[in-house]
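Here is a briefing on one protein structure. Please read it with the sequence and model at hand.

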Amino acid sequence: MKKILSLICLMATVLMATAQVNFSVSYKRVSPTEIDIIFTGTADKGWHVYGTSIPDGGPNPAVFGTDKIKGAKLKGSLKGGPGLKKAHDEMFGMEIQFYEHKAQYTQRVELTAQNYELEGYLQFSACNDENCLPPTDVPARLKGTDGPASAAAVEEPAAEEPATLTEEEPTAEADSAMVAPASTEGTDGWWASSIEELKKFDIAENTAGQSLWMIFLMGILGGLVALVTPCVWPIIPMTVSFFLKRSGDRSQGIRDAVIYGISIVVIYVALGLVVTGLFGASALNDLSTNAVFNILFFLMLVIFGASFLGGFEITLPSSWSNSIDGKAEQASGLMAIFLMAFTLSLVSFSCTGPIIGFLLVEASTGGGGILAPTVGMFGFALALALPFSFFALFPALLKKTSRGGSWMNTVKVTLGFVELAFSLKFLSVADLAYGWHILDRETFLALWIVLFACLGIYLLGLIKFPHDDEDERHTTVPRFFLALCSLAFAIYMIPGLWGAPCKAVSAFAPPVSTQDFNLDSDEVEAPFRDYEAGMQYARQTGKPVMVDFTGHGCVNCRKMENAVWRDPQVRDLLMKDYVLISLYVDEKTPLPAMQIVQEQGKEVRLRTIGDRWSYLQRSKFGCNAQPYYFILDNDGHVIAEPRSYNEDVPAYTKWLKSALETYKNAR
């Protein structure tokens, strides 16, 4: 469903600084000479605020700064309050501190004179799964006449009441170091608002919906794979035949078989709901970076993989299935059918359990939100249940179905290799979290190369596992083509050992920064990080401009640069046909002089270069999130719909080409 971009931008202009994260300021007198400034924030669902202690190279930590301080001094640094969480961030390759829902910071101020005044601010950064806010300021002000000289009087009842500590807006009187923002005269409106121009563009990006569709399709694939395993496939003809014989009326048998399929769907969807209920929405988001959970997932997939290879069988207690089966025989009607479906779920667990486990892990950490496990289980159950209903409608086809064979064990062993390969993804997260450095990118790729090479060799019949047919002498055509694909995939990954992007595995492998030896020179770096300089160059060369609002601490900005900008077509377009300007909204380099601007009826102080670019994005485009990409002509007018985080390379390429054509036609 399309949304009007102008509405989003206008709303973002008013609400961005307060809707996602809203801070209030309070003050507490802790001694006659000390005052605590307490910042208390609330974050919307899905947003997190970074803590005060972030390693170098990570996102921006929360800090306290001062514009003016007289008769007082800061005592210590900004301190974080309760509720601080720690999790490993895959993109930065380090453990990150952050708050969810509520954040609190305290800055202690020591009074050194009777008359004191302080104008300061909390600067914080916040992100969700798709965007980041630029560093945002929360102003605070102290002013009073009850400093140390009157400390004794403060403690006496008859003494004059101390000055009330209140949060005030910064005064309109500028210090000599503060100046108005640079004039836009001579730039022909490069800073002029483009919000009205943006109203003609629509956007249709819904990454959460896309994630749910991907999880649903993953569930469908998992169900189809489970269907051809030795635990499920032979049950289909036996079960459907039972239902058709259960009643002399064929229509009654068909109806029962259809209900049986619906019962399977209900059982597995209920499993997805249980997972959601146990973890909740916020916990599901935490799973993707939590080291302990990732270690557990790694061990689970290794155990499942070893089971599929024939090392041992994972089965539920036989008493469970016998008990349910006995109750199914005693029951009647719909309850009997439902209990038979439950029996199937238990009996087939040794084959479906590993697939379900992997699916639930991916659904929980794949960005689909709280509905993801349920949607994944619905897709899995639908693919698993449809054959039962289909064969009930067309029983003659039952005679043509295979009742087993060595090919089923081949499917199972193949799944074992895949489970082992994907287990390394979760071990990688834990490895990065604890800094073990046992699974850097080249080690990860080496293991994948060996696993998929071994899979190809197995499919060619050169390796045997415990449950394989020893008498099988020939490689079937399907096995040959699967072996070809597996070996080709292994060869494809070999250049990655020397830094090749290997985009097909970039979502699973550790970041390139963990690799010791890297020959890759395809990184795209913007030639301009200054807006006016880039626009001036574009005017001289007659090229359109792509303005990239980004940040040093923006995870999704790095993902776009690695996954999209490295594409040869995208790289050539950006470097040859466009003037690329990257504006880092969290750049800490101070401006030559502080700038004061009016925004939404309030004074806003721009202290750093990042503040200036953040103000440009808000005032000109009405948005305040990163990454965000705008294409402009040489006069600063928007000529194409903007784009945000979306790793669809063909769509990004089409967008760049279309805007380039629009620019050429308008000249």
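Which residue in strand 9 stands opposite Leu74? Val109 in strand 9 stands opposite Leu74. This is a predicted model: local features need pLDDT of at least 70, side-chain atom pairs count only at pLDDT 80 or more, and totals for chains, interfaces and linings use all residues. Residues are numbered from 1 along each chain as its sequence is written, and side-chain values use heavy atoms, with hydrogens and water left out. Helices (H or I, at least four residues) and strands (E, at least two) are DSSP runs, numbered from the N terminus.

**Strand 9 and its partners**

- Strand 6 (residues 72-80) and strand 9 run antiparallel and are joined by 6 bridges. Two strands pair if DSSP finds at least two bridges between them.
- Strand 3 (residues 34-43) also pairs with strand 9 (residues 102-111), in the antiparallel sense, over 9 bridges.
- In that pairing, Thr40 has Gln104 of strand 9 opposite it.
- Strands of a sheet pair through backbone hydrogen bonds, either parallel or antiparallel.
- His101 sits in the loop between strand 8 (94-100) and strand 9. Its phi is near 70°, a positive value in a residue other than glycine.
- Most residues other than glycine have a negative phi.
- His101 is partly exposed, at 42% relative accessible area. The cut-offs are under 20% for buried, over 50% for exposed and in between for partly exposed (1.4 Å probe, protein chains only).

- Asn60 belongs to the loop between strand 4 (48-50) and strand 5 (63-70). With a relative accessible area of 12%, Asn60 is buried.
- Asn60 and Phe124 are 64 residues apart along the chain, and 7.5 Å separates their C-alpha atoms.
- Tyr260 is part of helix 6 (residues 250-287). Tyr260 counts as buried because its relative accessibility is 3%.
- Phe338 is 78 residues from Tyr260 in sequence, yet the C-alpha to C-alpha distance is 6.5 Å.

**Helix 13 against helix 14**

- The axes of helix 13 (residues 441-459) and helix 14 (residues 477-493) come within 8 Å and cross at roughly 160°. Axes are lines fitted to C-alpha atoms, for helices over the stretch in contact, and angles run from 0 to 180 degrees between N-to-C directions.
- Angles under 35 degrees count as roughly parallel, over 145 as roughly antiparallel, 65 to 115 as roughly perpendicular and the rest as oblique.
- Helix 13 and helix 14 cross in the left-handed sense. A crossing is left-handed if the near helix is turned anticlockwise from the far one by less than a right angle, and right-handed if clockwise.
- Helix 13 brings residues including Trp448, Phe452 and Tyr458 to the contact, and helix 14 brings residues including Arg479, Phe489 and Met493. Contact means heavy atoms within 4.5 Å.
- By class, this contact of helix 13 with helix 14 has 15 nonpolar, 2 polar and 1 charged residues. Ala, Val, Leu, Ile, Met, Phe, Trp, Tyr, Cys and Pro count as nonpolar, Asp, Glu, Lys and Arg as charged, and the others, Gly among them, as polar.

**The sheet 15-14-18**

- 3 strands form an open sheet with mixed pairing, in the order 15-14-18.
- Strand 15 (579-584) and strand 18 (628-632) are at the edges, each with a single partner strand, so one side of each has no neighbour in the sheet.
- On average, neighbouring strands of this sheet are turned by 20° against each other, direction ignored.
- Strand 14 (residues 545-550) pairs with strand 15 in the parallel sense over 6 bridges. Asp548 has Ser582 of strand 15 as its bridge partner.
- Helix 15 (residues 531-541) lies across strands 14, 15 and 18, and runs at about 175° to strand 15.

**Helix 17 against helix 19**

- Helix 17 (residues 568-577) and helix 19 (residues 649-666) have axes that come within 9 Å and cross at roughly 30°. That makes helix 17 roughly parallel to helix 19.
- Helix 17 passes helix 19 in a left-handed crossing. Among the residues in contact are Val570 and Leu573 of helix 17, and Tyr652 and Leu656 of helix 19.
- The contact of helix 17 with helix 19 has 7 nonpolar, 2 polar and 2 charged residues.

**A hairpin**

- Strand 16 (residues 590-599) and strand 17 (residues 602-608) run antiparallel, joined by 6 bridges. Ile596 stands opposite Arg605 in strand 17.
- The hairpin of strands 16 and 17 has 2 residues between them, and Gln600 in the turn has a positive phi of about 55°.
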